[in-house]
Amino acid sequence: YSDSTRARKIASAKSMFGFLLEEGLVERDPTEDLSSPRLGRSLPETLSVQDVERLLATSSSGDSPEAGRDRAMLELLYASGMRVSELVSLGLDDVDLDQGSVRCFGKGSKERVVPIHRKAVEFLRSYLDETRPALATKRSGQALFLNRRGDGMSRQGFWLVLKKYTKLSGIQAKVTPHTLRHSFATHLLQGGAPLRHVQELLGHASITTTQVYTHLTSDHVRSEYDGAHPRAR
């Protein structure tokens, strides 16, 4: 078993025997001296910039309303670093294409405004002008992204969309909506964005949570150092 599996099983055993001891069903707790393995923080999985480009390019290969929606959703997710729950909860009033920004509500309904780049704005504008009207029905309401029945897109629906284009693009790695969020943060840091700014964009309450991405950029920093320092060449 992995360390995380053993830690979970030990925690379950301790909880059970703690209950049995309180109820008087056992005389002693055999797990009292059983220690749990120390768990290091696992690094998030990310895609390379090239793989992200392949994924986005593949999603624009179709000409159906669903294909236009899929490209807009994928572009927006990578442009903003939003969580998938934030993405599918967006309403029409949450997008400001003139300002190039999106308002989303994170954990604890905490609001933040995230800037998005020009290409994402263009795909969103095309979606709103051409694609969404083709999908909308009387019950669509203010939901920004719609499924083929005209209802708001669900998290599960977007997972299927992402799975489809990951397979079509030939990417071998496991890709989840959070993979694009992790890639967004890592690529920003590699491009020189300050850690504090990335924290604000991701909506992290603590910068400690954001610091995990600095481990992913260490190889990039080393490469930049070797290429820039006059004594390293």
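Before you start: residues are numbered from 1 along each chain as its sequence is written, and side-chain values use heavy atoms, with hydrogens and water left out. Because the model is predicted, local features need pLDDT of at least 70 and side-chain atom pairs count only at pLDDT 80 or more, while totals for chains, interfaces and linings use all residues.

The structure holds ten salt bridges. Each is a side-chain nitrogen of Lys or Arg within 4 Å of a carboxyl oxygen of Asp or Glu.

**Stop one: helix H2.** Select residues 49–59. Helices are DSSP runs of H or I, at least four residues, numbered from the N terminus. Now pick Asp51 and Arg54. Their closest N and O atoms are 2.8 Å apart. The two sit three residues apart, about one turn of the helix. Asp51 is buried, at 19% relative accessible area. Arg54 is partly exposed, at 36%. (Buried is under 20%, exposed over 50%, partly exposed in between, with a 1.4 Å probe and protein chains only.)

**Stop two: helix H5.** Select residues 118–135. Find Arg118 and Glu122, joined by a salt bridge with closest N and O atoms 2.9 Å apart. They are four residues apart, about one helical turn. Arg118 is exposed, at 57%; Glu122 is partly exposed, at 43%.

**Stop three: Arg149 and Asp151.** Select both. Their salt bridge has its closest N and O atoms 3.7 Å apart. Arg149 is exposed, at 51%. Asp151 is partly exposed, at 23%.

**Last stop: a network.** Select Arg83, Glu86 and Arg112 together. Salt bridges link these residues in a network.
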